[in-house]
Amino acid sequence: MLLEFTLKNYGPFRDEAVLSLVKDSGDEHPDNSVTCPGTDSRVLTSAAVFGLNSSGKSRVFMAIGDLIRIIGSVPAPNSSIPFYNPFRLSRDSLGGPTEMNIRFTADGVRYEYGISFDSERIVSEHLYSYPRGRVTRVFDRDGQTFSFRKRDEPSMRRMSDMTPRNTPFLTMAAQLNNQVCQSVHLYLTRRIVVIGDAPMNLLWEVLSRVSNDGPMKDSMVRAMGIADFGISDIVGESRRADADEIPGLPPQLKQLLESVPGSGIVSNRLEMRHDFPDADVDESLHYFPYSIESRGTLQMFSMMGPVIEALRDGGVVLFDEFGSSLHTAISRWIIGQFSAPSNPNGAQLLINTHDLMLMDTEMLFRRDQIYFTNKDRGTGAAELYSLSDFKGVRKDLDVLKSYLSGRFDAIPEIDRGDLL
């Protein structure tokens with residue numbers, strides 16, 4: 001489970017920003033947290049980030065995605081690090097490293113991984129594990145100077161000698177079969193999924209999984225039915241087709257495809273059955289091709305793929321601009337699936353959104369599950385803070401009303417003047 005993510009000198013975040021999913025002392029909504037294996041803490045199963053436009057909401061999630069991409073592969077020797085994006089509006093930060101730190105549990109063990117980097121090199125890096133609650137240093141890195149536990153020194157030293165200045169040691173050690181680094185690398189790259197602001201980009205990937213996974217298809221159909229889309233069946237496939245199967249293919253392209261072994265064109269077909277008992281048309285017309293489905297229907301289908309997998313496997317899914325084409329009631333239902341009774345494997349959902357109807361501490365979120373981003377109008381620096389950081393915020397407070405009145409900042413100051 002994800003416990004905490006910290007970033008500094010990344011995008012609009014000049015100073016340190018912390019997103020914590022460790023439950024605080026508040027006693028509301030007990031089903032919104034679970035006991036986390038490997039810790040003595042209860043951990044939140046969801047959190048939501050609100051704020052004005054261009055205040056850093058998306059950047060928090062992008063940072064987690066960039067961290068995953070940094071460790072996801074070994075770059076070419078001496079190539080630059082493309083994820084370096086420091087705060088641009090301060091001389092002090094512009095040349096300084098970006099810093100990221102993540103705390104989480106995997107297979108019942110708590111870990112902390114941190115990395116700082118600039119455009120050319122990994123400046124520092126560390127990995128600590130906490131088996132049985134006691135800290136164990138897996139490695140520390142300062143530039144190209146590494147330190148390890150004495151008993152791990154011989155094997156780890158060979159790996160560090162092979163690690164280029166622009167490559168995370170975690171990545172190198174995982175590829176060279178260090179068991180602890182493999183476990184951490186696998187969790188970060190496979191169990192945390194960051195979805196951008198266009199979830200329909202996942203449409204065909206989700207279709208491929210649904211068409212090859214019967215239980216997932218059943219869950220998807222059930223979800224579409226519960227959310228009142230009137231859909232009772234989903235049929236389709238995503239497969240590689242030979243050139244001969246594609247009607248109207250230009251001869252030059254067909255010849256090119258046939259000349260390359262194993263090449264082809266991905267053929268996608270998706271139809272959803274809409275049940276309307278009073279319709280008087282043939283059965284086949286109840287199946288709608290995806291091309292005439294609404295944007296909300298396709299977004300729901302695309303979003304529910306990662307949601308179902310997270311709930312089933314206990315992963316973490318992050319959504320940028322959550323629910324932008326969905327009715328609030330559907331968004332609330334999706335969030336509700338991550339409360340403990342519906343979430344036996346401790347899956348977690350993190351969202352940022354402009355849907356203010358989700359800013360609800362009476363029925364939906366705890367105070368420590370609601371975060372805000374704000375931007376200093378003088379320096380341009382963003383900050384991230386929780387509703388629970390404010391003193392005197394009762395659990396029965398009308399949070400939305402207080403937010404709209406400006407109590408928590410993170411709201412645009414609109415000049416009411418006319419354009420013309």
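**View 1. Helices α1 and α5 pack at an angle of about 130°.** In this predicted model, the axes of α1 and α5 lie 9 Å apart. Helix α5 covers residues 179–191, and helix α1 covers residues 57–72.

**View 2. Residues of α1 meet residues of α5.** From α1 come Ile-68, Ile-71 and Gly-72. From α5 come His-185, Leu-188 and Thr-189. By class, the residues of this contact are three nonpolar, three polar and no charged.

**View 3. Tyr-113 and Leu-188 sit in the largest nonpolar core.** This core has 58 residues. Tyr-113 and Leu-188 touch the most other members. Helix α1 gives the most to this core, with eight residues. A second, separate core has 53 residues. Among them are Val-221, Ile-330, Met-359 and Phe-408.

**View 4. Leu-188 has contacts beyond its neighbours in sequence.** Leave aside the residues within four places of Leu-188. Leu-188 is then in contact with Ile-68, Ile-71, Ile-102, Phe-104, Tyr-113 and Leu-170. In soluble globular proteins, nonpolar side chains tend to be buried together.

**View 5. Helices α6 and α7 pack at an angle of about 115°.** Their axes are 5 Å apart. Helix α6 covers residues 203–212, and helix α7 covers residues 214–226. Val-206, Arg-209, Val-210 and Asn-212 are the α6 side of the contact. Gly-214, Met-216, Lys-217 and Met-220 are the α7 side. The contact has four nonpolar, two polar and two charged residues.

Definitions and conventions. Residues numbered from 1 in each chain as written. Predicted model: local features only at pLDDT ≥ 70, side-chain atom pairs only at ≥ 80, totals over all residues. Heavy atoms only, no water. Core = buried A, V, L, I, M, F, W, Y, C linked by side-chain atoms within 4.5 Å. Buried < 20%, exposed > 50% of the residue type's maximum accessible area, 1.4 Å probe, protein only. Helix = DSSP H or I, 4+ residues; strand = E, 2+ residues; numbered from the N terminus. Contact = heavy atoms within 4.5 Å. Axes fitted to C-alpha atoms, helices over the stretch in contact; angles between N-to-C directions. Nonpolar A, V, L, I, M, F, W, Y, C, P; charged D, E, K, R; others polar.
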